Amino acid sequence: MLLNSVISLSVLVAGIRATPVKHQQRQAPAGVPDFVLKHAPVVYLHSSETYLPSDIQSQLSNSVPEVNYNEVPAPSPLDLNNVNALGGDVWITSKDDITKDPEWIKGVKPDGNGKTNNAVTAAIIVNDKGDGNVDAFYMYFYAYNYGGNVLGSKKLNFGNHVGDWEHLMVRFSNGVPQAVWYSQHANGEAFKYDTVDKKDDSRPIAYSAQGTHANYAIPGTHDHTIPNFNLPAGVLEDHTDAGTLWDPLQSAYYYSYNAGENKFTAYDQNTPTAWLGFTGRWGDEEYPESDPRQVTLFGQKKFAGGPTGPADKQLNRKDICPENGQTCILRDFLVPRSVGLEEDKA
């Protein structure tokens with residue numbers, strides 16, 4: 001009987017350790033809407049992921065600002081409180097040769113509760129549009145993006161870049177979640193909130209693709225050759241599974257966003273805000289042909305340029321999808337199907 005009790009207790013403890021902290025217990029600053037926390041997504045990182053979520057400040061600490069491949073004057077040390085002093089033509093460039101796989105680009109593995117200890121790896125941005133309409137953006141940062149292999153061949157590896165900002169957005173009406181946007185490469189997918197799988201019955205689940213960190217609503221293999229298609233196989237595939245659980249809320253900065261003033265305000269007075277005003281790139285500039293690290297095949301580059309930051313993610317968008325020339329489709333099913341078989345538009 002005692003043995004059975006001990007075993008039962010062990011199972012219970014293990015289950016608790018593998019579960020994200022309930023939103024009521026989180027250390028989110030005062031003022032963050034409760035529904036933004038209750039319905040915040042959780043992310044499953046791929047079980048073989050090498051490039052894990054990364055501390056935002058660490059990216060600056062391990063980089064120098066460059067323009068046209070030349071270092072330019074900058075505040076020293078460069079940090080989240082002064083990086084906005086740099087111009088929009090600046091690339092935050094790694095001090096190390098990325099092909100040597102320096103440790104800092106590998107990020108931090110979440111612990112058993114999904115927390116990236118000693119690393120702030122996410123930013124939550126709340127845009128209250130009035131009349132009960134709120135868009136909550138959950139921004140995720142990785143120091144490196146491994147672009148993937150065409151036809152599964154490592155010799156055909158393209159689209160790598162230093163710095164990687166991904167995000168989910170949940171759209172609310174009077175505190176009730178309506179839809180979820182999953183960023184994927186140059187586009188993404190939108191789903192009705194009731195359609196997506198959830199953790200704790202309220203938190204949408206995202207599956208982060210190995211290397212590329214594109215966010216998907218289902219695990220498995222995803223071809224992303226053609227925008228608005230999510231086929232189970234193809235020329236250029238993303239791979240997702242229910243690997244390591246990451247709860248970004250536990251290591252995040254929190255902000256409100258005033259679209260009319262284009263202004264970010266931290267919910268906590270100790271949270272840095274200036275970095276959101278940096279309009280340059282969070283990574284190396286695309287390496288030139290003269291750089292021995294660069295490879296070009298069929299017009300595709302092995303190393304692309306780094307991304308812009310959260311402020312450039314259309315935080316005041318009209319539809320659930322950003323405006324990028326692609327049709328905005330609000331899906332009500334999770335099975336990969338072509339755009340021609342889908343009915344609802346956002």
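How many of the 346 residues of the protein chain count as buried, as a percentage? The figure is 50%. This report works from a predicted model. It moves from the whole chain to single residues.

## The chain as a whole

The protein chain has 346 residues. It holds three helices and 20 strands. Contacts can be sorted by how far apart the partners sit in sequence. Among contacts with a separation of 6 or more, 66% join residues 24 or more positions apart.

## The largest pocket

Rolling a probe the size of a water molecule over the atoms shows where empty space is left. In this model, the largest pocket has a volume of about 970 Å³. Its lining is made up of 40 residues. Nearest the centre of the pocket lie His161, Glu166, His185, Ala186 and Asn187. Which element gives the most? That is S7, with five residues.

The lining can also be split by class. Polar residues number 18. Nonpolar residues number 13. The remaining class, charged, has nine.

## His185, beside the pocket centre

His185 is one of the residues that lie nearest the centre of the largest pocket. Where in the chain is His185 found? It is in the loop between S8 and strand S9 (187–192). The backbone of His185 deserves a look too. Its phi is near 55°, a positive value in a residue other than glycine.

Is His185 buried, exposed or partly exposed? Its relative accessible area is 38%, so His185 counts as partly exposed. The cut-offs behind that label are under 20% for buried and over 50% for exposed.

Asp101 is found in the loop between S4 and strand S5 (122–130). With a relative accessible area of 25%, Asp101 is partly exposed.

Pro77 sits in the loop between strand S3 (70–71) and strand S4 (91–94). The peptide bond leading from Ser76 to Pro77 is cis. Its omega is near -5°. Pro77 has 60% relative accessibility, so it counts as exposed. Ser61 is 16 residues from Pro77 in sequence. In space, their C-alpha atoms are 7.6 Å apart.

Ile205 lies in strand S11, which covers residues 203–208. Its relative accessibility is 7%, so Ile205 counts as buried. Which residues does Ile205 touch, leaving out those up to four places away in sequence? They are Val42, Tyr44, Tyr182, Asp197, Lys198, Lys199, Tyr216 and Ala217. Val42 is 163 residues from Ile205 along the chain. Yet the C-alpha atoms of Ile205 and Val42 are separated by 5.2 Å.

Val176 lies in strand S8. Val176 counts as partly exposed, at 45% relative accessibility. Asn133 is 43 residues from Val176 in sequence. The C-alpha atoms of Val176 and Asn133 are 9.5 Å apart in space.

## The disulfide

A disulfide is a covalent bond between the sulfur atoms of two cysteines. How many disulfides are counted in this model? The count comes to one. It joins Cys321 to Cys328, with a distance of 2.1 Å from S to S.

The torsion about the S-S bond of Cys321 and Cys328 is about 80°. The disulfide is therefore right-handed. Are its two cysteines buried or exposed? Cys321 is buried, with a relative accessible area of 7%. Cys328 has 13% relative accessibility and counts as buried.

Technical notes
Residues are numbered from 1 along each chain as its sequence is written. This is a predicted model: local features need pLDDT of at least 70, side-chain atom pairs count only at pLDDT 80 or more; totals for chains, interfaces and linings use all residues. Side-chain values use heavy atoms; hydrogens and water are left out. On a 1 Å grid over the protein atoms alone, a cavity is a set of points where a 1.4 Å probe fits but cannot get out, and a pocket is an open set with protein on both sides within 12 Å along at least five of seven lines; lining residues have an atom within 4 Å of a point. Grid points are joined across faces, edges and corners, and a volume is the space filled by probe spheres set on the points. Helices (H or I, at least four residues) and strands (E, at least two) are DSSP runs, numbered from the N terminus. Ala, Val, Leu, Ile, Met, Phe, Trp, Tyr, Cys and Pro count as nonpolar, Asp, Glu, Lys and Arg as charged, and the others, Gly among them, as polar. Buried means under 20% relative accessible area, exposed over 50%, partly exposed in between (1.4 Å probe, protein chains only). Contact means heavy atoms within 4.5 Å. A disulfide is a pair of cysteine sulfur atoms within 2.5 Å.
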